[in-house]
Amino acid sequence: MRAPWRLSPEDAPLKIKEQTIDSVVVVSLDGRVDGSTAPDLEKYISGVVERGNARILLDCSKMDYIGSTGLRVMLVGARKCQQGGGKLMLCTLRATCKSVMEASGFLTMLDYYDTRESALAAP
Amino acid sequence: MLTFAEEIMLLMLDDDGVFLPTRGGAVEYILAGAVLMDLAFANRIDNDLEQLTCLDATPTGNPILDQALAHIANTVETKDTRGWIETLAGQETTEIRQQALARLIEHGILESQDKKFLWVFRARRYPTIDGRVEREVRLRIADVLLSNDIPDPRDVAMICLVDACGFLRDIFSAREIERAAPRVEQFRKMDLIGHEVGSVIAEIERSVMMAMAISPH
């Protein structure tokens, strides 16, 4: 029997897809951003910035969970983008994730847009 | 790198190595939060608004952290962040404090001195012998709070602890505190463990104030 404290991998998959639209790297997140998947997301964002693309949009329309570790990774990502001369934007958060990010004040620190189109049109 | 518990212990000591009073006198909650922060940054635990979970029970090599990690990993009952702060604060903070001080002495940052006062009573002090680390922590906090840059999550967590202790007034002038206030307010929410530590301390402070208000003169 699985110990109740351990999140099993099947509970926490995160699929990451990428496309570039008008010099913005759109990274689509599908699944949970928790302690088991957040390190992969951090490496992914770092990789994009290291390739010279510091303007990143995280499309969160299929992200169904974010925990403390995920929030930290988003902050680290935003910091790296800022240091690289760009910015990390977020769009289309589901209600549960949006409430976590609102409660923790992240939506006032990061650039959030309700739609992908409005994020892509942002200066 | 020092742990959160070690860094906050450094800030709790004055120039003579005597412990400064903290808000609500609730050092145990600060230290419990510090240990949970270290476990979170070591990717051993994760938390959200409802629960704190163990992700990886592999020991970190730090006895302070590993004792708490084993406690969390071996507890079947689900608790939220506040539940774990209260549990650790009630059971393990004397050891956390002693081990953090021992490691600071081992690193050559503090020394331990036993002094007598009134010829009879013994008092132990921990004067600083290498003040660079403490100065670096204070400077880092000031830099983060007085700039508009996106902060490092580790600095956000540390600022939550310093704020919960009531030590920001020791780092900043009154004018700087006023300038940094909106950012402090924002950071209080951003680290979910730090936020809970701050809430617990605020509740203790309120309870003490109420008890003082209703106690007979």
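Angles under 35 degrees count as roughly parallel, over 145 as roughly antiparallel, 65 to 115 as roughly perpendicular and the rest as oblique. The model is predicted, so local features need pLDDT of at least 70 and side-chain atom pairs count only at pLDDT 80 or more, while totals for chains, interfaces and linings use all residues. Residues are numbered from 1 along each chain as its sequence is written, and chains are lettered from A in the order in which they are written.

**Exercise 1. Determine how α2(B) and α10(B) are oriented to each other.**

Step 1. Helices (H or I, at least four residues) and strands (E, at least two) are DSSP runs, numbered from the N terminus. Axes are lines fitted to C-alpha atoms, for helices over the stretch in contact, and angles run from 0 to 180 degrees between N-to-C directions.

Step 2. Helix α2 (residues 27–41) and helix α10 (residues 192–214) of chain B pack with axes 9 Å apart, at an angle of about 170°. The two helices α2(B) and α10(B) are therefore roughly antiparallel.

Step 3. Residues are in contact if their C-beta atoms, placed from the backbone, lie within 7 Å. α2(B) contributes Y29(B), I30(B), G33(B), L36(B), M37(B) and A40(B), and α10(B) contributes I193(B), G194(B), V197(B), V200(B) and I201(B).

Step 4. Ala, Val, Leu, Ile, Met, Phe, Trp, Tyr, Cys and Pro count as nonpolar, Asp, Glu, Lys and Arg as charged, and the others, Gly among them, as polar. On this basis the contact of α2(B) with α10(B) has 9 nonpolar, 2 polar and no charged residues.

**Exercise 2. Determine how α1(B) and α6(B) are oriented to each other.**

Step 1. The axes of helix α1 (residues 4–12) and helix α6 (residues 132–145) of chain B come within 10 Å and cross at roughly 95°. α1(B) and α6(B) are therefore roughly perpendicular.

Step 2. From α1(B), the residues E7(B), L10(B) and L11(B) meet V133(B), E134(B) and V137(B) of α6(B). By class, this contact has 4 nonpolar, no polar and 2 charged residues.

**Exercise 3. Describe the order and pairing of the strands in the sheet of chain A.**

Step 1. Two strands pair if DSSP finds at least two bridges between them. In chain A, 5 strands form an open sheet with mixed pairing, in the order β1-β2-β3-β4-β5.

Step 2. β1 (14–21) and β5 (111–113) of chain A stand at the edges with a single partner strand each, so one side of each is left without a neighbour in the sheet.

Step 3. β1(A) and β2(A) run antiparallel and are joined by 8 bridges; E18(A) stands opposite V27(A) in β2(A). The two strands form a hairpin with 2 residues between them, and D22(A) in the turn has a positive phi of about 50°.

Step 4. Strand β2 (residues 24–33) and strand β3 (residues 55–66) of chain A pair in the parallel sense over 8 bridges. V27(A) has L58(A) as its bridge partner in β3(A), and R32(A) has Y65(A).

**Exercise 4. Which elements give two or more residues to the side of chain A that touches chain B?**

Step 1. The contact takes 24 residues from chain A and 19 residues from chain B.

Step 2. The elements in question are α2 (68–83), α3 (95–103) and α4 (106–109) of chain A. α2(A) gives the most, with 8 residues.

Step 3. By class, this side of chain A has 11 nonpolar, 9 polar and 4 charged residues.

Note on methods
Two residues are in contact if their C-beta atoms, placed from the backbone, lie within 7 Å.
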